[in-house]
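Good morning, and thank you for coming. Please have the sequence and the structure in view while I speak.

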Amino acid sequence: MIITLTTDFGLKDPFVGAMKGVILGLARNVQIVDITHDIPSYDVAEASIVLYEACRYFPAGTIHVVVVDPGVGSARRPIVFAGNVKGTDQIFIAPDNGVLSLVLGSGIVRQITNTSLFHHPVSQTFHGRDIFAPVAGHLAAGIPIESVGPAVSDAAAHSSILKPTVLRVDKFGNLLTNLRREQLGRGFAIRAGGIEVRRVLASYAEALPGEIFAIEGSAGLIELSLNQASAADRLNLGRGAEFEVETGSLNQ
Amino acid sequence: MIITLTTDFGLKDPFVGAMKGVILGLARNVQIVDITHDIPSYDVAEASIVLYEACRYFPAGTIHVVVVDPGVGSARRPIVFAGNVKGTDQIFIAPDNGVLSLVLGSGIVRQITNTSLFHHPVSQTFHGRDIFAPVAGHLAAGIPIESVGPAVSDAAAHSSILKPTVLRVDKFGNLLTNLRREQLGRGFAIRAGGIEVRRVLASYAEALPGEIFAIEGSAGLIELSLNQASAADRLNLGRGAEFEVETGSLNQ
Amino acid sequence: MIITLTTDFGLKDPFVGAMKGVILGLARNVQIVDITHDIPSYDVAEASIVLYEACRYFPAGTIHVVVVDPGVGSARRPIVFAGNVKGTDQIFIAPDNGVLSLVLGSGIVRQITNTSLFHHPVSQTFHGRDIFAPVAGHLAAGIPIESVGPAVSDAAAHSSILKPTVLRVDKFGNLLTNLRREQLGRGFAIRAGGIEVRRVLASYAEALPGEIFAIEGSAGLIELSLNQASAADRLNLGRGAEFEVETGSLNQ
């Protein structure tokens, strides 16, 4: 069994070590893989995309633990999502703050309510060690996923991360967004920086001269691009910029 | 079997990789877990607290290797401590420079003298690879702990790290010290910054207005605090500040 | 089976996680060890020395994956080298850009041509994930090494890394070079900074006053040194400086 970790804890403090100790105490033979612990503090959007890009390469049944959790100690729910990402069944354990929004798809989200799975006493500030790590350890050790708590239907659906947003600008000026191809459907309109994009190209070569177009990048996310020039400069958009998407009601 | 590593080697150089190679050459199926390799160079006090905070979450029998070793190549002894930390039996391998002072308790300290366990030739500058890693590997592979060398009774007991010291100031101004609750006993007096503290509170709510009080922090170490204000500012104390503690002779 | 990773990817991005996912999908029980992911971007020389210093401590049969690959997407070949390094048989997977030049010795280099081993689709920019990681995973899973592709005889033999070069200056001013003792043979002359060195000393104590001499450093590489003074200052040489070596034709 494999458990991956994605956090904003950094590597100087004992936090990551403590999480691994808790996991190994429950599931001695698990393989723990660090995706990264260098997510900028509280940057849920960055964590969501790093997780999304990395998780797809892991074998079926991998458990991904994500702890970027600005709301730790508040009422935000801890959740488990078991579902299919890019054709592979995987399990995600995270706070319900939108960090899973890029991977949520076909599958079931459960709220973690079974406190007998926790590491006690549960601190108010370190649910990574006391809730997320032990739940991962118990799941790796074979408890049925139903035992974590009841299914919920409203996970992270309203998170701000789901607003169409520029997640990153690469060095060529391509705007990497948080949109997946399948979210756009067949008829759509992306409105950003005063222009409208209505088609996803298969390759750069299809672009008309000077055309801003959408393309599915290597991460599986929609990028807004301009052939051999900077879309970011042309549209005057940068990291964090939000834009509009209309889907479903349009014919191609 | 699990081996953890805590060093000040950083991750840019081949040092950590070499240690892991040596360990895996002796105990192929061991799980190696990095606590951190980002201890500031030679910072024995920082290493001692990070180790203490992390080690308690690992299962019984875990071997913790700590290499923050400003005296490498000098006469300081390499030691192994097998003992009980917070209810769990664990093993520690480190230079005898005080880095284990927070975990030393009930148990036996042995000086590592059995050179047949070393990786030869033994360099004068890299005992992590040539002494500490191979001893950990041999122990993980099952040699009896007695074979490392004779028991000693004076390990790190007089280390400067045992002087009551402020290890860290958190962002709220709480003074995190190197004192464990059990070291204070029932009657004690902490004298720091011109005031005297004689009781350990169970929660912040018990504090009198403006009172500097002691509380056991999430790391199990005594913190000096001031409710909703900065104890560091009030006492004018910072990282590394030493203070006085009187124990045993006082009644509550 | 053990697989080590040495890259310039850093730990903030999903790259290393994706490589590990691909490996574990092919060889679930492999032990993955990070040598470092903090090689400066594109610094093939630095990667070659870190790899050389670390790899020798791993047990026979270890697979070392090195991805410092400024030519990714160009015609440079991916290769596998299976051979003997310091008495131990090991396997190396890397781009053929000279990064293996310090470990290449007795053994066979093969060009990786068997595309059925790749992770498809193969990106133009991330051969670490799509070529090097899956080839490592397949080898760890037991495919015969011959199946990766045909033996080649001209691997990296003409790389600039093989020019005698100062790889690093340590804090004492010793010049750490890319030369191994055995490359010098019995009669040699190193010409650097206007002086000539013709002997390798066994210890600093053998040096004449003010003599620049060669010595085999702890990494097994030739260093140019000056007892209790800085060879770098004396010779006015720094990192990256090239110098001349004449071998074979000289008698001692």
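This is a predicted model: local features need pLDDT of at least 70, side-chain atom pairs count only at pLDDT 80 or more; totals for chains, interfaces and linings use all residues.

Let me begin with a question: with which side chain does the side chain of C:Asn174 make a polar contact?

Let us first place the residue. C:Asn174 sits in the loop of chain C that runs between strand 8, residues 166-169, and strand 9, residues 175-180. Is C:Asn174 buried or exposed? Its relative accessibility is 7%, and the cut-off for a buried residue is under 20%, so C:Asn174 counts as buried. Around it, leaving out residues up to four places away in sequence, C:Asn174 touches C:Arg168, C:Val169, C:Tyr204, C:Glu223, C:Leu224, C:Ser225 and C:Leu226. The answer to my opening question is in that list: the side chain of C:Asn174 makes its polar contact with the side chain of C:Ser225, at 2.9 Å. Along the chain these two residues are 51 residues apart, yet their C-alpha atoms are separated by 5.0 Å.

B:Asp130 belongs to helix 3 of chain B, which covers residues 127-140. Its relative accessible area is 0%, and B:Asp130 is therefore buried. Which backbone nitrogen lies 2.8 Å from a polar atom of the side chain of B:Asp130? It is the backbone nitrogen of B:Ser123. If we set aside neighbours within four places in sequence, the residues in contact with B:Asp130 are B:Phe118, B:His119, B:Pro121, B:Val122 and B:Ser123.

Next, consider where chain B meets chain C. Chain B brings 17 residues to this contact, and chain C brings 16 residues. Together the two chains bury about 1,500 Å², and 57% of that area is on carbon and sulfur atoms. On the side of chain B, the residues that lose the most area to chain C are B:Lys12, B:Pro14 and B:Arg28, which together account for 33% of what that side buries.

How many salt bridges does the rule find across this interface? There is 1 salt bridge between chain B and chain C. It joins the side chains of C:Arg168 and B:Asp13, with a distance of 3.8 Å from N to O. The interface of chain B and chain C also has 5 residue pairs in polar contact, both residues of each pair being at pLDDT 80 or more. Helix 1 of chain B, residues 15-26, gives the most to the side of chain B that touches chain C, namely 7 residues. Sorted by class, that side of chain B holds 7 nonpolar, 5 polar and 5 charged residues.

Helix 1 of chain B deserves a moment of its own. Its 12 residues reach 17 Å from the first C-alpha to the last, which is close to the expected 16 Å. The helix is mostly covered, with 9 of the 12 residues buried. Among the buried residues are B:Val16, B:Met19, B:Ile23 and B:Leu24.

Not counting residues up to four places away in sequence, C:Thr36 touches B:Leu11 and B:Lys12 in chain B, and C:Leu5, C:Thr6, C:Thr7 and C:Val50 in chain C.

Finally, let us look at chain A and chain C. Here the contact takes 15 residues from chain A and 16 residues from chain C. The area buried between them is about 1,400 Å², of which 58% comes from carbon and sulfur atoms. In chain A, A:Gln31, A:Asp38 and A:Tyr57 lose the most area to chain C, together 37% of what that side buries.

Across this interface, too, the rule finds 1 salt bridge. C:Asp13 forms it with A:Arg168, and the closest N and O atoms are 3.8 Å apart. There are also 5 residue pairs in polar contact between chain A and chain C, with both residues at pLDDT 80 or more. Two elements of chain A give two or more residues to the side that touches chain C: strand 2, residues 31-36, and helix 2, residues 44-55. The largest share, 4 residues, comes from strand 2 of chain A. By class, this side of chain A divides into 10 nonpolar, 2 polar and 3 charged residues.

Thank you for your attention.

Conventions. Residues are numbered from 1 along each chain as its sequence is written. Chains are lettered from A and ligands numbered from 1 in the order in which they are written. Side-chain values use heavy atoms; hydrogens and water are left out. Contact means heavy atoms within 4.5 Å. Buried area is the accessible area (1.4 Å probe) that two parts lose on being put together, summed over both. A salt bridge is a side-chain nitrogen of Lys or Arg within 4 Å of a carboxyl oxygen of Asp or Glu. A polar contact is a pair of N or O atoms within 3.5 Å; within protein, one must be able to donate a hydrogen and the other to accept it, and residues adjacent in sequence count only if both atoms are side-chain atoms. Ala, Val, Leu, Ile, Met, Phe, Trp, Tyr, Cys and Pro count as nonpolar, Asp, Glu, Lys and Arg as charged, and the others, Gly among them, as polar. The expected span of a helix is 1.5 Å times one less than its number of residues. Buried means under 20% relative accessible area, exposed over 50%, partly exposed in between (1.4 Å probe, protein chains only).
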